[in-house]
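Work through the exercises below with the sequence and the model in view. Each task is followed by a stepwise solution.

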Amino acid sequence: MGTPQITAPPCALSPAPGDATPSSGVIHINVRHVAGFTVIGNHLAQHRGLSLAAIGLAAHIQSLPAEAKIGIKHLAERFPESETRIAAALRELEAHGYLHRSRVRLADGRIVTRTVSYNQPGATRQPRTVPSEPAPLPTPPPRVTAPEPRPAPPPALTPPPQPVPVPAPTARTTPPPPLPQPQELTPELQRMATALLADLRRHTPQLTLAENDIHILTPGVATWLERDAHPDTIRHALTTDLPNLLKHPAKLLRHRITALLPPLLPGAQDLAPARPGVIVIPLQNCGRCDRAFRAADPGNCRDCRTELHTAA
């Protein structure tokens, strides 16, 4: 009965003042850095308008040394994020003033991207202050026994050469060459040329023409058809190697129809090999008896001319 029995657990010790552990939230265990660290402001680390990717990318850029590579492809090789996400983060930093990118032309003609990183946007850079030193005591001036010679005047500086103004390019003053015209625009040629121009959009959507443009370009395509050009040949000449950004398809087709117009097909006589020293007199058909004879000009054969002379 004299020994007390302890059945209840002892009460927990109350925390020391100033060392209370929070019941929820983050707990910071901070160790002072002495080397290899970068100071990041809370305006960046706790920015309300930036994404986590942009905040992390800004911290990474500010930790890099000068002249480090921070292109999109270089960052995509360094981090698991895609090029699209990295480019979006760079645009966020530019929009909030943490980054500035500009295109600069070097002395050798190359164009590079110059990137400037700001650890505190909007703040001006303050120059370092140097502690003042006591001013040295003035030394007595030396005795002047003879007049000092006057210093020679500095040479005149020649003004730098002024850049020669380059005239701006002028617009084209000469009119374009006329559109080819067929010898006879028959209804069949007009129908085939109109159908070929209207059908171009099925093969190349860039060459969708207005009805008025088709009406203007029809004689030029009819000239190709009149010169025995196959429709597939015409379509290939008008749709091959088109520019990426085609703003005026009718002007491009007008130029190609005019510049690539094929010549007339040669005849059989033009393709026959020429024999040097021999003059070949062409064959003519008699206008009276339809008999073939050789003569320089068309007319009647010798017998018909004799009969006409005798009858006269």
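**Exercise 1.** State which residues of H9 are exposed and which are buried.

Solution. Step 2: in H9, which spans residues 249–259, the buried residues are Pro 249, Ala 250, Leu 252, Leu 253, Arg 256 and Ile 257. Step 3: these buried residues fall within an arc of 160° seen down the axis of H9, so they line one face of the helix; the arc is that of the directions from the helix axis to the C-beta atoms. Step 4: they pack against helix H6 (200–203), H7 and helix H8 (231–239). Helices are DSSP runs (H or I, at least four residues), numbered from the N terminus.

The model is predicted: local features need pLDDT of at least 70, side-chain atom pairs count only at pLDDT 80 or more, and totals for chains, interfaces and linings use all residues. Residues are numbered from 1 along each chain as its sequence is written, and side-chain values use heavy atoms, leaving out hydrogens and water.

**Exercise 2.** Describe the surroundings of Thr 223.

Solution. Step 1: Thr 223 lies in helix H7 (residues 211–226). Step 2: its relative accessibility is 2%, so Thr 223 counts as buried. Step 3: leaving aside residues up to four places away in sequence, Thr 223 touches Pro 180, Gln 181, Pro 182 and Leu 261 (contact: heavy atoms within 4.5 Å).

Technical notes. Helices (H or I, at least four residues) and strands (E, at least two) are DSSP runs, numbered from the N terminus. Buried means under 20% relative accessible area, exposed over 50%, partly exposed in between (1.4 Å probe, protein chains only).
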